[in-house]
Amino acid sequence: MFTLPQKESRKPTTCPGSVSTRGLHSIYGDGLEREAARKPDQKLLYGVGDPTAMFSSDSPHLSSRGSIIKWFWDSAEEGYRTYHMDEYDEDRNPGGIINLGTSENKLCFDLLSRRVVVLNGCASLFSALATVLCEVGEAFLIPAPYYGAITQHVYLYGNVRLVCVYLDSEEMAGGGEAPRVWVWLGVVTEFGWWILWIFFQVTGLETHPFQLTVDKLEMALQGAISEGVKVKGLILINPQNPLGDIYSPGELREYLEFAKRHALHVMVDEVYMLSVFEESVGYRSVLSLEGLPDPQKTHVMWATSKDFGMSGLRFGTLYTENQDVATAVASLCRYHGLSGFVQYQMAQLLRDRDWINQVYLPENHARLKAAHTYVSEELRALGVPFLSHGAGFFIWVDLRKFLPEATFEEERLLWRRFLENKVLLSFGKAFECKEPGWFRLVFSDKAHRLRLGMQRIRQVLEGKSQVAEDPPSCQTQEPRGPHR
């Protein structure tokens, strides 16, 4: 979470030559030449702008678009930055600058919290980071299966692609020769997906299903490079959606060291970090690590949508030590901002730490654990394998044995049978899982709905589903992506 730029020891960044004749020419370009060449009685009817001609990039951390965004902020906010370095205060700085330039109502500031820079949810943060870190057509690595809407967040807005490191469900037994593994490398393009198969041998003593390893990251990165795809960063979701997996501090450090070796940015989505309900899991934020390998390229996101059940109140925060990235992302708040009232509500909520720590979180964890226990027992009674790691709102369910054939078409048909029997699950393909038959089952619901939902799941799996006698007049549509 970032405030507006405060007192800085370094000089404000300005556009090249901003106070010189050369600067005027470089900013306005041949527009001034046209103005000078215009006849006295000839009216100026239009002007064509070219933002890319207004600046030169001075940050190794930003894409050209990110530099443009930061330059607009720096140049437009120069006066306001000076103001914040010498802000008027009736007692402490009566000779300071009085701001009569910002069009905002200061008459009721005593009723509101201090202004902070946030964006309206993690979706906007993903979009903003993709824009300021990558050029068009560049890519991020992301372990798959993953929350599929991230594809939209980074591509539709910033035209950035994803290189998927597809993980598999096969367990490695301890000891003996490490098994050979096929890994899929997928890249999202405007024309759809293309997939590259990579064959290699995983090293290490033990792994668990869908485990991310540095070997797999290395192979995916090299595969992308060999295909001419420039990778700029790595996306990690911790706790993971849809797996519910939690990266240990040691694993996090290995991934960050990998990123540092290859000069990659790392975006860590921790939106479920307060929804770890198993105490034995021992979740730790990436920010708790002593000495991040590359603090300037580590960016951490969190939002209230999941941990506090406030998906409708779009409120997302970004932590980064990179001031260039922070400024570029913060400048996009005019497009992804939230009202002062929402900011005030969030400030009031997060300020009450006693209630959060002593009332809300313990009760939330207890209810999540109870619901998780119930659904887990029901799945065991059905003989259904599943993965769950004590975090998040979902269980990753293995229904492969219920598919007549191991195809995504059969997976979709099973999903439709659930839907026709009035229970909605999310199928694995929506999360880019490359093994047909995996489903995400959300358990964070009221007991009576969970009981009814599990009854309907049982009916489908036992071949006793009851399709409604009077189906809706409109046809059910295929889902376009997973539910958050």
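Predicted model: local features only at pLDDT ≥ 70, side-chain atom pairs only at ≥ 80, totals over all residues.
Colleague: Let's start with helix H14. How many residues does helix H14 have, and what does it reach from its first C-alpha to its last?

Modeller: Helix H14 covers residues 408-420, which is 13 residues. From first C-alpha to last it reaches 18 Å, close to the 18 Å expected at 1.5 Å a residue.

Colleague: Which residues of H14 are buried?

Modeller: Buried means under 20% relative accessible area. In H14 that applies to Glu410, Glu411, Leu414, Trp415 and Phe418. Looking down the axis of H14, these buried residues fall within an arc of 145°, so they line one face of the helix.

Colleague: What do the buried residues of H14 pack against?

Modeller: Their partners are strand S11 (426-427), strand S12 (438-442) and helix H15 (447-461). Just after H14, have a look at Lys422 too, with its positive phi of about 70°.

Colleague: Nice. Now His372: is it buried or exposed?

Modeller: Again the cut-off for buried is under 20%. His372 has a relative accessible area of 11%, so it is buried. You will find His372 in helix H13 (residues 353-382). Setting aside neighbours within four places in sequence, His372 is in contact with Phe277, Ser388, Ile395 and Phe443.

Colleague: And the cysteines? How many disulfides does a search of the whole structure find?

Modeller: A disulfide needs two cysteine sulfur atoms within 2.5 Å. The search of the whole structure finds zero. As for burial, Cys134 counts as buried because its relative accessibility is 0%. Cys164 is buried as well, with a relative accessible area of 0%.

Definitions and conventions:
Residues numbered from 1 in each chain as written. Heavy atoms only, no water. Helix = DSSP H or I, 4+ residues; strand = E, 2+ residues; numbered from the N terminus. Buried < 20%, exposed > 50% of the residue type's maximum accessible area, 1.4 Å probe, protein only. Contact = heavy atoms within 4.5 Å. Expected span 1.5 Å × (residues − 1). Arc of directions from axis to C-beta.
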